[in-house]
Amino acid sequence: MTGTRSGAKRRFIGVDMGGTKILAAVVGADGKILGSAKKRTKAESGPANVIARIGQAIHQAARDAGISVSEVTAVGVGAPGPLNPHTGVVFHAPNLPGWENVPLGQRLADELDLPVFVENDVNLGTLGELVLGAGRGTQDMVGIFIGTGIGGGIIIDGKLRSGTRHSAGEVGHMVVAAGGPYCGCGRQGCLEAVASRRAIERDLRAGVASGRENLVNDLDRVDPGQLTSKVLARACRVGCPLTRQVIGRAQWYLGLHAASIVNLLDPQMLVYGGGLVEAMGEALLTPIRTVAQQHLIHQTSTPVQIVAASLGDSSVVLGAAVIAQRHWATASGS
Ligand SMILES: [Zn+2]
């Protein structure tokens, strides 16, 4: 964050509102986390209760930082799903029952008596990495977060690309395998359908069912959807042929996808985050880099940087604090 003279002592609160937990952090103008809190979302209790719980998490984070909420300058919230960052209305939030056209920004602002800014959570994760993480010093960057699904964000000239309909950055639903497996979005062959953790688990289970030997000993014991990135990383490390083949195929598609992004936007950097990247690091990224390089139209001596995210679980709360600070700076003319 860029602390201006007048804003150097200011504090912002960033919130990551997820389907299962709410994270809140008090962040200084220098980007340091001064206090934090974690609360269960209890999504089944409905929007009004979830918003109240976000308010409680914010108060708790402020207490942890030794300040009161009235000493905070502005709040940023990362929410899942499509939303309007100008009005703070969440159009729809997957995994959160009842979240249809909820004026999250306004309700929280009324409750806290503070300016509140809302943005898509993966966009904020990307912004956090740009300003405080792996992308520091970069102006053009794309974030790709591989988890159960695949999400992302686009930064152009240092700013988030929101899009005409506030839906830019859906990197997980770029089609990379025409006629391929069905995606959660109902279409076929999206990157998410061939390279997310859910897709990798599906292909592993299919391999096991067809009698392939596998060294993921935990596979039979874990419930569907519960196979962790750590287990996958370990199976690759010990040389399980099935896991290596399945992840190798995902890496091939990720490499093609990376090349398409670079051919379209020519960014300085692609930042990869999420559990699988954290667990495998360079072992995951190196083949992606190789395949991407082979499919770039312009081969130059300064190839795009393909790197791992560095902020882990804090990327969204930090990005949310950054957006709060940026909006405040614009509004106050600082
Ligand atoms: Zn899709």
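**Note on the sheet, a helix crossing and the domains**

1. Strand 9 (residues 141-146) and strand 10 (residues 150-156) are paired in the antiparallel sense over six bridges. Pairing requires at least two DSSP bridges between two strands; helices (H or I, at least four residues) and strands (E, at least two) are DSSP runs numbered from the N terminus. Within this pair, Gly 143 stands opposite Gly 153 of strand 10.

2. The model is predicted: local features need pLDDT of at least 70, side-chain atom pairs count only at pLDDT 80 or more, and totals for chains, interfaces and linings use all residues. Residue numbers start from 1 along each chain as its sequence is written.

3. Five strands form an open sheet of mixed pairing, in the order 11-10-9-12-13. Its edge strands, each pairing on one side only, are strand 11 (159-160) and strand 13 (305-308). Helix 9 (residues 282-294) packs on the sheet and touches strand 12 (269-273) and strand 13, contact being C-beta atoms, placed from the backbone, within 7 Å. The direction of helix 9 makes about 165 degrees with that of strand 13 (axes are lines fitted to C-alpha atoms, for helices over the stretch in contact; angles run from 0 to 180 degrees between N-to-C directions).

4. Helix 3 (residues 121-132) and helix 10 (residues 315-332) have axes that come within 7 Å and cross at roughly 80 degrees. The two helices are therefore roughly perpendicular (65 to 115 degrees). Contact residues include Leu 124 and Leu 127 of helix 3, and Val 316 and Leu 318 of helix 10.

5. The chain is divided into domain 1 (11-119 + 314-332) and domain 2 (134-310), with bounds from an automatic or database domain assignment. Their centres, taken over C-alpha atoms, are 28 Å apart. Each domain gives five residues to the contact.

Methods
Contact = placed C-beta atoms within 7 Å. Parallel < 35°, antiparallel > 145°, perpendicular 65-115°, else oblique.
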